[in-house]
Amino acid sequence: MLVSEILAIKGKVLYTIAPSRSMAEAVAIMTEQDVGSLVVFSQGQMTGMLTFREVLQAVHKGGAGWAEMPVEAAMLSGPMIASPDMEMDALRRLMVDHHQRYLPVMDGNTLMGVVSFHDVAKAVLEEQSFENRMLKNYIRNWPREPGEEDEK
């Protein structure tokens with residue numbers, strides 16, 4: 001399965017934020033949209049990624065003033081990215097090796113979506129379920145050899 005197929009299953013809704021926006025605004029967007037990450041864009045270019053992990057680090061680091069902190073002070077600069085034609089196994093390895101639960105999917109400079117570890121797990125389950133159904137159907141309809149009789 002390819003990353004583009006995972007995006008097709010989950011949909012391609014994109015949530016972005018500018019690096020100069022406040023952390024309070026970022027948290028409001030993440031809460032209202034029920035998402036765990038925002039891609040940070042400045043002048044049409046991806047500059048970073050903000051996830052709940054960076055939000056918690058900002059709260060810890062910023063104390064009472066965390067809400068006014070700009071997103072660029074908390075974001076993950078230069079996150080790992082996935083390409084639409086990446087195989088799911090390579091995607092999983094990239095996420096695990098770099099401890100990144102969310103990966104922006106980029107086609108050149110164009111943001112195609114964000115894939116989460118949850119999306120990957122869901123895709124694996126759906127793929128296994130499909131294969132399981134196909135195998136059961138194949139076994140049920142096992143071709144008989146010429147001259148073979150049905151067992152009763």
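**Close-up views of a predicted model**

View 1. Trp142 is located in the segment that comes after helix H6 (117-140), helices (H or I, at least four residues) and strands (E, at least two) being DSSP runs numbered from the N terminus. This is a predicted model, in which local features need pLDDT of at least 70 and side-chain atom pairs count only at pLDDT 80 or more, while totals for chains, interfaces and linings use all residues. Residues are numbered from 1 along each chain as its sequence is written, and side-chain values use heavy atoms, with hydrogens and water left out. Trp142 is exposed, at a relative accessible area of 52% (buried: under 20%; exposed: over 50%; partly exposed: in between; 1.4 Å probe, protein chains only). Together with Tyr138 and Ile139, Trp142 makes a nonpolar surface patch of about 380 Å². Such patches consist of residues with over 30% relative accessible area and no salt bridge, nonpolar side chains (Val, Leu, Ile, Met, Phe, Trp, Tyr) being joined within 5 Å and like charges within 9 Å. A salt bridge is a side-chain nitrogen of Lys or Arg within 4 Å of a carboxyl oxygen of Asp or Glu. Areas come from the Shrake-Rupley method with a 1.4 Å probe; for residues, only the protein chains shown count as cover.

**View 2. The buried face of helix H1.** In helix H1 (residues 3-10), the buried residues are Val3, Ile6 and Leu7. They line one face of the helix, because they fall within an arc of 100° when seen down the axis of H1; the arc is that of the directions from the helix axis to the C-beta atoms. Gly11, with a positive phi near 95°, follows H1.

**View 3. The largest pocket.** The largest pocket holds about 290 Å³ of space. Its lining comprises 14 residues, of which Lys10, Val13, Tyr15, Val35 and Val114 are the closest to its centre. Strand S6 (110-116) and H6 are the elements that give two or more residues to this lining. On a 1 Å grid over the protein atoms alone, a pocket is an open set of points where a 1.4 Å probe fits, with protein on both sides within 12 Å along at least five of seven lines; lining residues have an atom within 4 Å of a point.

**View 4. Positive phi in two loops.** Most residues other than glycine have a negative phi. Asp34, in the loop between helix H2 (23-33) and strand S2 (37-42), has a positive phi near 55° and is exposed at 71% relative accessible area. His99, in the loop between H5 and strand S5 (102-107), has a positive phi near 50° and is exposed at 59% relative accessibility.

Key
Points joined across faces, edges and corners; volume = space filled by probe spheres on them.
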